[in-house]
Amino acid sequence: LSSPASVTSNSPIPAAWPTHGTSGCDNMWHTSCPGQSGSTCEGGDTTPFIVFDLGTLWDVTGFHLWNHNQVAPGGASETNRGVRNMNVQVSSDGVNYSSNVPFTNMLQAPGSTAYAGDDYALPAAGVRFVKFTVLNNWGSASVTGLSEIRFKGTPQFGIVSSAVTPAAVELCGPQNAVISTRVVGLAAGETVSVAASGGPVPGALIDMFDNGQNGDAVAGDGIYSASVSVPAGYPLGDSTINIGAEDSLGHVSFSSVTLTVNACVPTFTENGDAGDLPETATVAAGSGPLQRIAGTLSASDVDMYLITVCDGNSFSATTVGGTTLDTQLFLFDTAGLGVAFNDDVPDGLPGDATLQSTLNGFFNNGDYYLAVTLYDRDPQDASAQDLWLDTPFNTVRAPDGTGAFNAVAGWTGAFAGTGSYTVTLTGACFVEATPSCPADIGVTGGTPGQDGALNNNDFIVFID
């Protein structure tokens, strides 16, 4: 749509309806999309039904519908997939429906980006559910679809939608959550009381307000909110929070939300911007197992963290499930020398059809630098030689570029993408506080580091 905001829930009816584009299976609703690799369309039913839940009771006057408006990449019109004849039924409870209201010869979309949809009348009071049962389309033998729909009418008093944000918390300590609910259909001059109870709500109930405070984002937008704290030690699992609203005329409406409480997963969260070289890297300081690193990449950014591999036989790091970004992962030793790199998940591992990354293998225990970046931001040595070749993408590789035997000194390659990521780790630990002995500067093989003992390793590092 040229203006998606024009069809968001409870927005005013626009003076001119937005237009709908003509491209893409994923921009329209279909029962199937033959030949559309990777689309979210599935099925094959040319006479489907669809039920719309309006959230609360409405006195409906009609709907505005954009029929299937797709034009194939080669220029062929596919508007014959659009709905032609259908029956419409309405219901207040989703169980008992009205008699069929026939809609015949619904207007076919033109396959033009100027298409602004069409109005259809459907007068009905006390409606929450609307069911479209398609009888036929405009000629397609395999696909039925439509592009967009907005229902028109006046809401009766009630709660339209409720949420708790976040919907799931991890109890690494007390966690805050915001309960919110949208109340519609409040008569002019009337007031409403909204409250929540159950779950982590302290006492019998907590009042919810639409005042821009205590978790409420915007005052006066019809969304009532309250902030609650989930205390450490709260029972794990799903917890139900009940919400009720009553206006000054005695009308009531109820809803509920589910808060999922999970056990703590030890996580290090980027604070500010992690550096991109060993001398500026962020130390994942703490104690015990480290199971996740969470951060954000800006344009052409590199985030580098010092971590401890405490079980090298089981070590792994992956961004699969933690981002939609096209990531790369690099591992360096404490001297900045490359150890391992992966761009795209190796074949056979979870996520191998994605553009995320996984490092695994057998590594010596000790401290390492883990770097996260997007494709194609790559490390170079002091002479601007690449430490790794770009390909192959889907393997875990030791350095194989012209600068393979040198330490990282900079990065090359730009990207415009930005976003958050989570790296999930196994066999890793937080970096413990530095041992008190300042002469402990070497580990096995004379590599810089600390092993808690004074021996020849420290002398070799000192001489080097």
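Predicted model: local features only at pLDDT ≥ 70, side-chain atom pairs only at ≥ 80, totals over all residues.

Tutor: Residues are numbered from 1 along each chain as its sequence is written, and side-chain values use heavy atoms, with hydrogens and water left out.

Thr 327 belongs to strand β20, which covers residues 327-332; helices (H or I, at least four residues) and strands (E, at least two) are DSSP runs, numbered from the N terminus. With a relative accessibility of 1%, Thr 327 counts as buried, since buried means under 20% relative accessible area, exposed over 50%, and partly exposed in between, with a 1.4 Å probe and protein chains only. If neighbours within four places in sequence are left aside, Thr 327 is in contact with Thr 319, Asp 343, Leu 355, Gln 356, Ser 357, Thr 373 and Leu 374, contact meaning heavy atoms within 4.5 Å. Asp 221, by comparison, is 106 residues from Thr 327 in sequence and 39 Å from it in space, C-alpha to C-alpha.

Let us turn to the aromatic rings. Rings of Phe, Tyr and Trp (its six-membered ring) pair if their centres lie within 6.5 Å, and planes under 30 degrees apart count as stacked, over 60 as edge-to-face and the rest as tilted; by this rule there are 21 aromatic pairs. Phe 63 and Tyr 120 are a stacked pair, because their ring centres are 5.4 Å apart and their planes stand at 25°. Since Phe 63 lies in strand β2 (residues 49-67) and Tyr 120 in strand β5 (residues 118-137), this pair ties together parts that are 57 residues apart in sequence. Phe 63 is buried at 0% relative accessible area, and Tyr 120, at 14%, counts as buried too. Phe 63 also pairs with Phe 132, with centres 5.3 Å apart and planes at 50°, so this pair is tilted. It again links distant parts of the chain, with Phe 63 in β2 and Phe 132 in β5, 69 residues apart, and Phe 132 counts as buried at 1% relative accessibility.

Charged side chains come next. A charge sits over a ring if NZ of Lys or CZ of Arg is within 6 Å of the ring centre and within 35 degrees of the ring normal. Lys 131 has its charged end over the ring of Phe 49, 4.6 Å from the centre, and Lys 131 also lies over the face of Tyr 97, at 5.9 Å from that ring centre.

Side chains of opposite charge can pair when their charged atoms come close. A salt bridge is a side-chain nitrogen of Lys or Arg within 4 Å of a carboxyl oxygen of Asp or Glu, and five salt bridges are found by this rule. One of them joins Asp 53 and Arg 128, whose closest N and O atoms are 2.8 Å apart, and it links Asp 53 in β2 with Arg 128 in β5, 75 residues apart. Asp 53 is partly exposed at 43% relative accessibility, as is Arg 128 at 28%. Another salt bridge joins Arg 81 and Glu 78 at 3.6 Å, N to O, and both of these residues are buried.

Finally, consider strand pairing, which requires DSSP to find at least two bridges between two strands. Strands β10 (residues 192-197) and β13 (residues 237-247) pair in the antiparallel sense over six bridges, with Val 192 standing opposite Asp 247 in β13. Strand β13 also runs antiparallel to strand β14 (residues 252-263), joined to it by 10 bridges, and there Gly 237 stands opposite Val 261. The hairpin of β13 and β14 has four residues between the strands, and in it Gly 250 takes a positive phi near 90°.
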